[in-house]
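Work through the exercises below with the sequence and the model side by side. Try each task before reading its solution.

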Amino acid sequence: IYQMDGSSLKEGFWFDNKTRKVLRIPITEVNKNHPNKNPNQVRVWQLCAVDDCTRRTFLKYIVKDKLNSRDMLEFQLEVFAEWGLSLKTYTDNGGEMRGRVAEAELLLHSITASVGGYEQMKHLPHNAKATGKVEIRHQFAQKMEKLIMLAIEEGDNVTVEKLDKFAKNICKFYNEKHVNRTT
């Protein structure tokens, strides 16, 4: 079983399309009550997958105004390409997990029918206890955000490509060196 989820970065990180850099805009300036009105700046999202048994982690960063089902389907396909096809995926029932993801679920189920079929199990959105392993990885990644903030403050040119490379290195360490005690 793979648990999957997407979340925006919490510390107010935005991607500037003109400079191609990740910026930190304080959440006192941009929040739900004061949305970002700059059309050149879009949110940075973190997509996360966790293998329910081994706790292997897969992180990816993307820039979008809002996550949609195509983004999540592309992410699922990347995870399947890296780890292999899981017969069950556990996600929330947010809008980004419907649409194309639901269509792909039907296709995957028909392809894997001889071995029991594919199932995407869903729970209510914003229920942190339901996908606890993914939510723990999001908390872990929030600690990484402090390092991203430090790099920006030190004048490093932080890009989405650098974030993805950083995430791959962290996941490699976590997946290979920090073996979960239940495994």
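**Exercise 1.** Which residues make a nonpolar surface patch of about 250 Å²?

The model is predicted, so local features need pLDDT of at least 70 and side-chain atom pairs count only at pLDDT 80 or more, while totals for chains, interfaces and linings use all residues. Residues are numbered from 1 along each chain as its sequence is written, and side-chain values use heavy atoms, with hydrogens and water left out.

Step 1. Patch residues have over 30% relative accessible area and no salt bridge; nonpolar side chains (Val, Leu, Ile, Met, Phe, Trp, Tyr) are joined within 5 Å, and like charges within 9 Å. Areas come from the Shrake-Rupley method with a 1.4 Å probe, and for residues only the protein chains shown count as cover.

Step 2. The patch is made by Leu85, Leu87 and Val115.

Step 3. Val115 sits in the loop between helix 2 (100–111) and strand 7 (119–123). Helices (H or I, at least four residues) and strands (E, at least two) are DSSP runs, numbered from the N terminus.

Step 4. Is Val115 buried or exposed? Buried means under 20% relative accessible area, exposed over 50%, and partly exposed in between (1.4 Å probe, protein chains only). With a relative accessible area of 55%, Val115 is exposed.

**Exercise 2.** Which residues of helix 4 are buried, and where do they lie?

Step 1. The buried residues are Val160, Leu163, Asp164, Ala167, Cys171 and Tyr174.

Step 2. Viewed down the axis of helix 4, these buried residues fall within an arc of 95°, so they line one face. The arc is that of the directions from the helix axis to the C-beta atoms.

Step 3. On the other side of helix 4, Glu161, Lys165, Lys168 and Lys172 are exposed.

**Exercise 3.** How many salt bridges does a search of the whole structure find?

Step 1. A salt bridge is a side-chain nitrogen of Lys or Arg within 4 Å of a carboxyl oxygen of Asp or Glu.

Step 2. The search finds 6. Among them is Asp51 with Arg56, whose closest N and O atoms are 3.4 Å apart.

Step 3. Asp51 is buried at 9% relative accessibility, whereas Arg56 is partly exposed at 28%.
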